[in-house]
Amino acid sequence: MAMALLRRLGQTVLVLFGISVLVFLVFFATPGADPTARIAGRNASPETMALIRHQYGFDRPLPVQYERMMVSLFVTRDLTSFVDHGERVVPEVFRAAPVTLSLVFGAAIVWVLASIGMGTLATALRGSLVDRGLMILGLIGISMPVFWLGEVINLVTQSRMHDSWMFSWVPGLGYVPLTQDPVGWFKVLVIPWITLAILFIGIYGRVLRADLVAAYSEDFMRTAQAKGLSASRVLFRHGLRTSMITFVSLFGLDFAQLVGGGALLTEVVFGLQGVGRLTYQALSNLDLPLIMATVMYSAVFVVLANALVDILYVLLDPRVRDAG
Amino acid sequence: MSATHPATRRSGPWTTAMTTLLRDRAAMIALAGLLLIIAACVLAPVYAEDIAHTDPFQSDVAATVMVHGQELAVMQPNDNPLHLGLTPLAPTWHPSAYLLGADSQGRDVMARLLYGGRNSLLISAAATVLCILMAAFVGIVSGFFGGVVDAALSRLMDIMWAIPVYLFAISLSIVTISQGLRIGPFTIRSDNLLLPIGIIALVYVPYAARPIRGRVLTLRRSEFVLAARGLGVPRGRILLRDILPNVSSTLIVLAPLLMALAMLAESALSFLSIGVQAPAASWGTIIQDGQGLIYTRPMVAIAPGLAIVLTVLALNILGDGLRDALDVRETSRRRG
Amino acid sequence: MRWLAAAAMMAVAMPAAALAVDLHRGGTLHLTASSGVDTLDPQISYNSQSTELFAAVYDGLATFPKAAGADNAVADLAEALPVPTDAGRTYRFILRPGIRFSNGQSLTVDDVAASLRRIFKAGSPTAGSFYGNIVGAQACLRSPADCTLAGGVVTDPAIRGITIRLVHADPEFLDKLAWTHASILPASAPPHDAGDTPLPGTGAYRIVSYDPHHGMLLDRNPYFHEWDAVAQPDGHVDRIRLDYGLDEEAEITAIENGQFDWMYENKPLDRLGEIAGRYTAQVHVFDLPSLYYLAMNTRQPPFDRLAARQAVNLAVDRRAAVLFMGGPGAMLPACTMLPRGITGHVPDCPSLGAGSPDRLRPDPVRARALVAASGTRGMRVILVVNASRNEDALGENLRETLSRIGWDAEVRSITPAVQFNYIQNSANKVQISLTGWDADYPGPADFLQVLFDCRNIHPGSNSSINISAFCDPAVQAMFDRANATPDTVSRAALWSAIDRRVMEQSPVAPLVQRRYVDFVSRRLGHYVNAGIYHMLFSQVWVQ
Amino acid sequence: MQDELFAARDLTIALPGSQGSMIRIVENLSFSLAPREILGIVGESGSGKSMTALAIMGLIDVPGARITGSMLFKGQELVGLGARALRRLRGREIAMIFQDPMTALTPVHTIGWQIDEQIRAHESLSRAGARARTIDLLGEMGVPDPRRAADRYPHQLSGGLRQRAMIAMALSCNPSLLIADEPTTALDVTVQAQILDLLRRLRHNFGSSVLLITHDMGVVAETCDRTLVLYAGNVAERGPTGDIFAHPGHPYARALLASIPPLHGVRPSRLLSIPGQPPSPAERPAGCPFRPRCPQAHAQCEQTPPMVRRGEQDIACVLAAPEPVQA
């Protein structure tokens, strides 16, 4: 167990190293990305440029710059932004994390429950109009770009129908900390939760239905029926339980990516200052320290989530355990 | 088990599949819908030139158009005292002119929608196929061989999944501005559709590969694979005959989803001048244009969105039909 | 207690008329912006959000008037603006007495001298271009750590005197001193970019807290008293809160709903009609010294040919540009590089043979002939624009124009984070680009000399503001002449002549001049627009 | 016939085919089963034998399937019985063992969990009580160390143990009727014999009747009291096993008997010595369905053959002329 943990840890370090080197190289290979002129300000004289280059160490060889950046990111944790001068990126990411966690956890609950409901209902009624309708709804959910959906929802709830009884409860955009005002927190997040969840409800509902329907052609499902179990017990305890592999795989990837800042468009459109919005700003400003911090943060979650998914596989399917 | 073989041998599997498919009414309707969409996109020039009489690649702020006997400005100035803003023509619901209205540059949205479909269908279909192939390869190899191979491939997937694609896209867009991307003797210009196809395919490989790997991990321990191994069947043959058919249902479900995602992802790349370049259109870029008009002309963003939904829907129903038709295992077992 | 003390001080300093009870005093002004400023250091920040905010927080020896209408620099921390002596090279200031920083410290001439040195030590972006003319400045630029400005800045604590000596005469030097980078800070300010730590200032407000991703809070400077209502007026609101995080569309909606009083970002084009139609009284529009133009690289084909550059100027459809960028209320067609409101601006288009930019029509026939004559017909031309929704339509329109007159034109949009630096670097071989220039201060040199001085060409550098790499000896000589001309009227004529000469050489094709569209909440009153500071946060009231 | 446990009369199962047609998988099937009797249904794949089993269980889930005729179980009509009532019978009164023990058990639950589940679905028993019965059952089925076996997952057990677990599960509620669908096909020969032995003992230990479905005449011979030979959805012959084996009346039954594989040693790759394959239900010829493959086919076979009674055998063949009765 300790060995496996160590191995996984080693792999994680390798992944982080690979990503950070790639990001670093790509950044400096991009014409115009050199931060000197952007830090120095427009129309900076060559002397000012030289001063900035020296202050920030851009005159050092790339490996040295990389090493210095990694040290100040992971060891001293005082890496500062190239765009917001003096801003320490590590605390900034950790300050943004609760917002993202609030958004993603809520959305995940919504989408897991809704997609299981949708997948099982469609399977139970497979071939019926309800089944068809749910699957079409799912596809519509998938085909709606989240940013567009968010803007339309904002258009309706914040502008067009803001004063109607239906949406007068909707607070202005922005985040309210859970610790400060739980009700306000819920009100502010409930629409972003649903918006973010819609895409995933579509994907997961459809994937689950496909796997469940496939499960119904398995012998053990017939056995379960032959045992005289109720239809719902057959569906949930036998069908669902064995059809979660795809679901769990995707969930691991999606959840990790979102917690790591992948919900950037949702955060941007609803004005939530989470890791996603930070990532969005880092990328649109090409702010290498902040890019590095957010990417490393998200990579940690991706690796962690995949490790968790592997553990879940084992819990879900004992056959995988014995495969060693 | 003995049941399957006589059943498949009786008539060719392809003929059986074809007849099954042809009998599937929903699949046939979906196929007809898909062909209709493709035909409409192929015939885009006919619509633009002979019906709408418009050039969907030419911006024009001063144009006027006759609708229901009324001459309307395509870009309508707002009658506010401050002379601020300019609103494109609303949908006329009249096929001869601006059926779906104009976009922010005074171009006919319907005509652009038809032209845009060509790019969207091409890019998303190619990217999806490429992605599925790569993901199936990675997922199966990773799940089947396990051990070091699996660890290496899985961490590679982790890297790909965690990497900020947008950064790469920005970089690529700048690198390719003047001279294009040089790979050996080949130079890829930034308007080459291979770029978005390749990028999108790569981006979603981890997403599709991971669940496939999960399935294979389970299958590897399942009886028929163990039995086949016990009998000394070569690994390659097990992969092809036992594992691949079993992950195909996952693939068939993922494919239309990937297509929808690809159509949207394409627009982000296009925004950075990778792939489809202005004035050319794709459904994704029209949605992008429409986002700037959501408060005034929502149809610009809704119409391409609907086109994506319909296409993906048709493909999906067709995919289900195809799977039912090809899945000898399932049908024969039912008959038992 | 502190508030009482401040009030007592104000009572002493304020004229009797102002003592009348201010019914509008108090409350919190809620501002919104997508994200923060580059740095809180007023000597380094180069961002119009900070220019607007810092107007109420920091002062220089001079300032631009914080009142509507006027735009020449006025005295701020100095008692008066001096008339330069020594052939326009020596400026003698007397510092106002009794002014204190927001940390309580008194302002002295040492703070002034230290602040001027700090421009170089901390690496202010304009250290070279604005202040490099001060005696000793070149040494400071070369070796910032050892900067003394010896001979350039001389103080006389006894009379609170500060003398600044220049190498060459600079008629716009007072404007440059009024610019935020010459803000006066305590001498103890660190000799490097202060980053996100606020530095004490002398203005009516002080920065209490700041996070570039969450917001900024300002409250009253407890040591402030009003010494000149035009230079640094006292504020109405007690607090200014700036929240970061919304995008433009959401900001508009939030102001409509009364959630915020003002937004920083440009208003999205599709909302202009809505706000101007339904909230007309809350919209304020005024000219900005700001241009969108096409920069043509005079060292890259085809624009190394004069005829090719002139063809572009003849062919571009400025009326279409106005419409694509928000309509006649938001944009003015421009055919010269000195915008309306800047000394030397002429209201016609001499080089294009039209009476006024409004009547200017594209002339594709002549343009096509010029392209043919330049021998570059059929050449591949790539126009580099910002990847931004607002510039999309204009970029596409310009591509069509370039194609129509004979080139194989394409448009490439790159992320705004690097576009501006990318197009400056000669290594990138950009042929033509769409860019913009906002004045720091409303003077002609800030347009013409900055953008077309041979000395602002730095090959291979991302900071080479003469994007066209335009170097014309005639223009260069005219710069020197203008700067040496003390008389304002004849100097204005000279700048007009330079503008005309530049337009004849066509290194750029000006398209439109921006007008600023401001959208405020219903409750916000006493809107005052003051030139480069836009809306004055200290002057508006919310109750 | 009062003591019949189960009786099918003219059972016809039709599935929807293309263009709204119905394909009759099983036609006019009649048979009965006495308490504690073992009836074998023999036929090749596609003969409809598994479909018959599923029909009894009410597990045909093909949309649009039509079942006509009658199936009486303990006097209760199963055709058209509501889903809820059927479910109450399933597992409790009628249980089923499937062909492939490798896939018929849910892979993610332990054997014990799955048997407990069935017990608790039909009887209000505590978790511990159910488990105790499970362990007893496993022990009775000859599973060594049943306590540990109950905590194992299906893939951790050998095929034979799994089939024993399957049978234990099927018997867990003392069903009156056990349907075993090819219970030994997937097992190797020695295990096969043990399982068949187990089935034979059931009627004494549990009092169950068994409907054994197989394609293997050898299995029938070893196990069944009576036998029903099914060909292409139709009864070819039925009667006491001994009689059929001694004097098979139908040419198909004769062919089947000729192809009994040896119980030991290598199995021949093809089990049937009859050339050709059974027709698919959609292409079934009029008249005797065996006609195309029958070595003795003649003109009369184009008519639906009558059911000829010979002793205790019923034979669906015109050739089965009454022979001199011997006993």
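Me: What makes residues 97-313 of chain A a helical span?
Reply: The span is 80% helix and 0% strand, and its end C-alpha atoms lie 28 Å apart. Helices (H or I, at least four residues) and strands (E, at least two) are DSSP runs, numbered from the N terminus. Keep in mind that this is a predicted model: local features need pLDDT of at least 70, side-chain atom pairs count only at pLDDT 80 or more, and totals for chains, interfaces and linings use all residues. Residues are numbered from 1 along each chain as its sequence is written, while chains are lettered from A and ligands numbered from 1 in the order in which they are written.

Me: How many helices and strands does chain A have?
Reply: Chain A has 15 helices and zero strands. Its C-alpha atoms fill a box of roughly 85 × 60 × 35 Å along the principal axes.

Me: What share of chain A counts as buried?
Reply: 56% of its 324 residues. A residue is buried if 20 or more other C-beta atoms lie within 10 Å of its own, exposed if 12 or fewer, and partly exposed in between, with C-beta atoms placed from the backbone.

Me: How many residues of chain B are in contact with chain A?
Reply: 45 residues of chain B are in contact with 51 of chain A; two residues are in contact if their C-beta atoms, placed from the backbone, lie within 7 Å. On that side of chain B, α8(B) gives the most, with nine residues.

Me: What makes up that side of chain B by class?
Reply: It has 28 nonpolar, nine polar and eight charged residues. Ala, Val, Leu, Ile, Met, Phe, Trp, Tyr, Cys and Pro count as nonpolar, Asp, Glu, Lys and Arg as charged, and the others, Gly among them, as polar.

Me: And which helix of chain C gives the most to the side that touches chain A?
Reply: Here 48 residues of chain C are in contact with 45 of chain A. The top contributor is α6(C), with five residues. By class, this side of chain C has 16 nonpolar, 24 polar and eight charged residues.

Me: What makes something a nonpolar core?
Reply: It's a set of buried Ala, Val, Leu, Ile, Met, Phe, Trp, Tyr and Cys residues joined through C-beta atoms within 7 Å. The largest one has 471 residues, and C:L294 is among those with the most contacts inside it.
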